[in-house]
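Hi,

Here's the structure I promised you. Have a look at it first, then read on for what turned up in the aromatic rings.

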Amino acid sequence: VCSMGNSTSRLYSALAKTLSSSAVSQHQNCLEQPDLAQLDPIDPKDLLEECQIVLQKRPPRFQRDFVDLKKNATSNHRPIRVMQWNILAQALGEGKDNFVQCPMEALKWEERKCLILEEILAYKPDILCLQEVDHYFDTFEPLLSRLGYQCTFFPKPWSPCLDVEQNNGPDGCALFFLKDRFELINSANIRLTAMKLKTNQVAIAQTLKCNETGRLFCIAVTHLKARTGWERFRSAQGCDLLQNLKSITQGAKIPLIICGDFNAEPTEEVYREFSNSSLNLNSAYKLLSPDGQSEPPYTTWKIRPSGECRHTLDYIWYSQHALNVNSALGLLTEEQIGPNRLPSFNYPSDHLSLVCDFSFNQDPDRLL
């Protein structure tokens, strides 16, 4: 595991608030920055280079390729790249999740945050949807705002991160979009209910206007209740989210993309609710299967004291009447993941990132 090193001064400047006191003492000028809103933009290439310097003694990033899914669809406009990722809350990774095959050194925030940033910078999403964000204010908001993103965060009311000593505050969902590509029309922070009771799970839904096409669409991010035995609870949360989104999209008149860690396999009721919704949703990653009908075999793979856990829990849903999926990022193979599974020195989270390129259907008035 490499030290941060003196050659990473630009990254230190961007991440001054998250560095250890010993590292910061080498760069005291970094702490004299004014209000974050006044900080200069960051060149993403510079930031990626600095991340790679920090990570130079770690194994290289895994190679993942995009799969072309266009079916004779033509568009004169740039696609909209959407990235979905449960990045693993730092407090949970170090304190509660018990990844028995992952060395604690691999979970050090000083380097793990650079792996997360490297993944985001490599795929350059126009819209980024994250779950389990517990370093929003000291890392993701100051950095991504300087990369040109508008940033929104909605924490869980009773985040389990708060039970961990030396935590960094609550985890929650975060949504980022490039301000030069989209205009924010409306934003809603939704605290999900189940059986008419408010729950600890949240969602963010934002209506955006695409500057290039003039088209409106809604992007939502959520993270449903975890663990076996809570299937009916997740189903109720999913119903509540769908009802909110029906209202926000005026019954699907506005196209919709929903990103999330649903903590539910495709066999669960909440999955069927989204599949059969009047919003006419499809799951983008099904399109990677030969028949276009099957989800990937896994989106998370870890080893806990109770044993090995391999599940499909993460999805990107979209309005199939209004949007086309041009391409999707292929998943890591079992060989790439390795016998100790995730997270690892190669990969910062126990969940895989999902990335899709969308384009608007050329006939926006097509019936549902």
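Let's start with Phe 137: this residue counts as exposed, because its relative accessibility is 56% and the cut-off for exposed is over 50%. Keep in mind that we're looking at a predicted model. Phe 153, on the other hand, has a relative accessible area of 13%, so it falls under the 20% limit and counts as buried.

Why put those two side by side? The structure holds 19 aromatic pairs, and Phe 137 with Phe 153 is one of them: an edge-to-face pair, 5.7 Å centre to centre, with 85° between the planes. Phe 137 sits in helix α6 (residues 136-146) and Phe 153 in strand β4 (residues 149-155), so the pair links distant parts of the chain, 16 residues apart.

Next, have a look at Tyr 271 and Trp 317. Their pair is tilted, with 5.0 Å centre to centre and 55° between the planes. Tyr 271 belongs to helix α8 (residues 269-275) and Trp 317 to strand β13 (residues 314-319), so this pair ties together parts that are 46 residues apart in sequence. Both Tyr 271 and Trp 317 are buried.

Which residues do ring pairs link into a cluster? Tyr 271 and Trp 317 are in it, along with Phe 262, Phe 274 and Tyr 315.

Arg 191 lies over the face of Trp 158, 4.8 Å from the ring centre. Lys 225 does likewise with Trp 230, at 4.6 Å from the ring centre.

Cheers

How values were computed
Residues are numbered from 1 along each chain as its sequence is written. This is a predicted model: local features need pLDDT of at least 70, side-chain atom pairs count only at pLDDT 80 or more; totals for chains, interfaces and linings use all residues. Side-chain values use heavy atoms; hydrogens and water are left out. Rings of Phe, Tyr and Trp (its six-membered ring) pair if their centres lie within 6.5 Å; planes under 30 degrees apart count as stacked, over 60 as edge-to-face and the rest as tilted. Helices (H or I, at least four residues) and strands (E, at least two) are DSSP runs, numbered from the N terminus. Buried means under 20% relative accessible area, exposed over 50%, partly exposed in between (1.4 Å probe, protein chains only). A charge sits over a ring if NZ of Lys or CZ of Arg is within 6 Å of the ring centre and within 35 degrees of the ring normal.
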